[in-house]
Amino acid sequence: NMEQLYSLYKTNPEGLSEAEAKDRLAVYGPNQLSGEWRPHWGRIFFEQFSDLLFILLFVAGTLSLIFGQFRDAAIIYLIVLINAAIGVAQEFKAEKILAALYKLLPREAKVFRQGKLEKVPVGKLVPGDVILLEMGDDVPADSRLIEAYSLKINESCLTGEAHPQKKEVREETENIATAMVFMGTDIVLGDGKAIVVATGKRTEFGKIAAEAT
């Protein structure tokens with residue numbers, strides 16, 4: 001039943017107290033990722049040369065040059081530059097995607113603290129917070145639904161699925177995908193309430209960001 005859900009996530013229908021939220025913030029850290037991504041060609045280019053393979057190739061090219069094997073040195077250096085260019089292109093593309101995704105994240109969240117609805121910076125959300133979700137909002141953290149009224153979520157930024165996904169409350173602890181909403185997705189219809197279950201880098205959005213960097 002619903003009481004078991006509140007117990008599972010160590011919260012209650014009134015939401016956390018300010019003191020409890022502060023304590024959990026100290027444990028889990030702020031609900032944010034590393035910061036806004038600003039792709040930088042120079043940094044990305046020089047990062048390629050920190051790879052062990054690049055270092056070994058560069059050393060081999062230098063030794064070839066020292067021993068007068070200019071053709072071999074030129075070929076090795078060319079391989080280094082081509083691989084660096086490929087790496088730069090791939091990483092720059094990934095960082096541009098992350099920069100676009102970062103802009104989808106909301107800056108404020110509607111949260112119940114001791115029964116009072118407040119707007120707080122999204123970075124202060126913690127697991128166990130009870131949040132309000134309304135049409136037009138972006139979901140501020142990965143959360144488990146406890147109320148849902150005609151709720152549909154656009155999850156294309158995570159799944160690539162073009163059609164909004166219907167969400168509903170499910171009290172069981174297995175097969176709960178339809179009862180979950182995720183950071184960075186947006187509400188296209190309906191409203192509801194949810195319990196925050198993961199924040200920051202522990203969210204699905206955060207995991208994608210970690211894999212891409």
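Q: What should I know about the ground rules here?
A: Residues are numbered from 1 along each chain as its sequence is written. The model is predicted, so local features need pLDDT of at least 70, side-chain atom pairs count only at pLDDT 80 or more, and totals for chains, interfaces and linings use all residues, while side-chain values use heavy atoms, with hydrogens and water left out.

Q: How many helices and strands does the chain have, and in what order do the elements run?
A: Helices (H or I, at least four residues) and strands (E, at least two) are DSSP runs numbered from the N terminus. Here you get seven helices and seven strands, running α-α-α-α-α-β-β-β-β-α-β-β-β-α from the N terminus.

Q: What share of the chain counts as buried?
A: Buried means under 20% relative accessible area, exposed over 50%, and partly exposed in between, using a 1.4 Å probe and protein chains only. Of the 213 residues, 39% count as buried.

Q: Which residues have the most contacts inside the largest nonpolar core?
A: In soluble globular proteins, nonpolar side chains tend to be buried together. A nonpolar core is a set of buried Ala, Val, Leu, Ile, Met, Phe, Trp, Tyr and Cys residues joined through side-chain atoms within 4.5 Å. The largest one here has 16 residues, and Leu125, Ile131, Leu133, Leu145, Val181 and Ile187 have the most contacts inside it. Strands β1 (108–113), β3 (130–134), β4 (142–154) and β7 (186–198) each supply at least two of its residues. There's also a second, separate core of eight residues, including Tyr9 and Phe112.

Q: What does leucine 125 touch?
A: Contact means heavy atoms within 4.5 Å. Setting aside residues up to four places away in sequence, leucine 125 touches Asn31, Ala109, Val111, Val120, Ile131, Pro140, Ala141, Val196 and Thr199.

Q: How many aromatic pairs turn up in the whole structure?
A: A pair of aromatic rings is described by the distance of the centres and the angle of the planes. Rings of Phe, Tyr and Trp (its six-membered ring) pair if their centres lie within 6.5 Å; planes under 30 degrees apart count as stacked, over 60 as edge-to-face, and the rest as tilted. The search finds one pair: phenylalanine 58 and tyrosine 77, tilted, at 5.8 Å centre to centre with 50° between the planes. Phenylalanine 58 sits in helix α4 (residues 52–66) and tyrosine 77 in helix α5 (residues 70–102), 19 residues apart.
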